[in-house]
Amino acid sequence: MKLKIIYGDYTTGILNRLTKVKEDSAKKGFKITSLDCLDPEVVAKVRTEPIFGDMRVVFLGNFGKCSDPLANFLLSSPGFNFDIYASEEGAISQKILKKLSSIAEVEYFKTPKEIFKFSESIYPGNSKEIARFLKKIQGSEQIEFVIGIIVRHLRMVLA
């Protein structure tokens with residue numbers, strides 16, 4: 001069993017990483033199981049083995065809000081034949097990370113600095129700089145995220 005914890009404030013990076021893992025797992029013939037840590041029966045669902053012995057990959061969402069029984073279960077697991085990818089869009093308690101650090105690989109996704117530079121470059125008369133930053137982040141960011149940054153910045157400027 002491999003436990004990988006993926007978290008951070010960079011939602012686009014997290015979603016891209018999880019999508020790539022899901023696509024790779026599907027190509028290899030693994031059964032993909034998506035669960036939510038807010039579900040009170042998540043431990044039972046993780047523990048349940050597939051009927052036909054299919055190889056599977058489990059994706060746990062909202063891992064930052066997971067219960068102690070789930071963390072204890074992951075620590076005491078007797079070696080399952082599947083991988084677990086736990087994700088959280090935001091922060092995860094350091095208590096949980098310390099508890100699971102001995103068995104888990106942790107990936108932290110931080111928002112790139114170019115996003116903030118782009119946001120700060122939005123002011124009247126700076127169209128060339130705005131276009132340069134926009135071109136720089138165009139391929140790596142979702143357009144909805146970029147529009148959200150622009151709207152947020154304009155809202156702050158108007159206030």
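This report describes the fold of a single chain in a predicted model, from its overall form to selected residues.

## Overall form

The chain contains seven helices and five strands. Followed along the sequence, these elements give the pattern β-α-β-α-β-α-β-α-β-α-α-α. The radius of gyration is 20 Å, well over the 15 Å that the globule rule gives for 159 residues, so the chain is more spread out than a compact globule. Along the principal axes, the C-alpha atoms fill a box of roughly 65 × 35 × 25 Å.

Of the 159 residues in the chain, 37% are buried. The accessible surface amounts to about 9800 Å², and carbon and sulfur atoms account for 57% of that area. When contacts between residues at least 6 apart in sequence are considered, 77% of them join residues at least 24 apart.

## The sheet

Five strands form an open sheet in the order β2-β3-β4-β1-β5, and their pairing is parallel. The edges are taken by β2 (31-36) and β5 (104-109); each has a single partner strand, so one side of each is left without a neighbour in the sheet. On average, neighbouring strands of this sheet are turned by 20° against each other, with direction ignored. In general, the strands of a sheet pair through backbone hydrogen bonds, in either a parallel or an antiparallel manner.

The pairing of β2 can be followed in detail. Six bridges join β2 to β3 (residues 56-61), and the two strands run parallel. Within this pairing, Ile32 has Val57 of β3 as its bridge partner. Thr33 also lies in strand β2. With a relative accessible area of 16%, Thr33 falls under the 20% limit and is therefore buried. Leaving aside residues up to four places away in sequence, Thr33 touches Arg56, Val57, Val58 and Phe59.

## Helix α1

Helix α1 (residues 11-27) lies across β1 (3-8), β2, β3, β4 (83-89) and β5, and runs at about 160° to β4. The helix has 17 residues and reaches 24 Å from its first C-alpha to its last, which is close to the 24 Å expected at 1.5 Å a residue.

The buried residues of α1 are Thr12, Gly13, Ile14, Leu18, Val21 and Ser25. An α-helix has 3.6 residues a turn, so residues three or four places apart point the same way. The buried residues of α1 pack against β1, β2, β3, β4 and β5, and also against α7 (143-158).

Thr11 lies in helix α1 as well. At 32% relative accessibility, Thr11 counts as partly exposed. Thr11 and Pro124 are separated by 113 residues in sequence and by 29 Å in space, C-alpha to C-alpha.

Asn62 has a positive phi of about 55° although it is not a glycine.

Asn62 is placed in the loop between β3 and α3 (68-75). Its relative accessibility is 27%, and Asn62 accordingly counts as partly exposed.

Technical notes. Residues numbered from 1 in each chain as written. Predicted model: local features only at pLDDT ≥ 70, side-chain atom pairs only at ≥ 80, totals over all residues. Heavy atoms only, no water. Pairing = 2+ DSSP bridges. Helix = DSSP H or I, 4+ residues; strand = E, 2+ residues; numbered from the N terminus. Axes fitted to C-alpha atoms, helices over the stretch in contact; angles between N-to-C directions. Contact = heavy atoms within 4.5 Å. Rg over C-alpha atoms; globule rule 2.2 N^0.38 Å. Buried < 20%, exposed > 50% of the residue type's maximum accessible area, 1.4 Å probe, protein only. Areas by Shrake-Rupley, 256 points an atom, 1.4 Å probe, with all protein chains shown as cover. Expected span 1.5 Å × (residues − 1).
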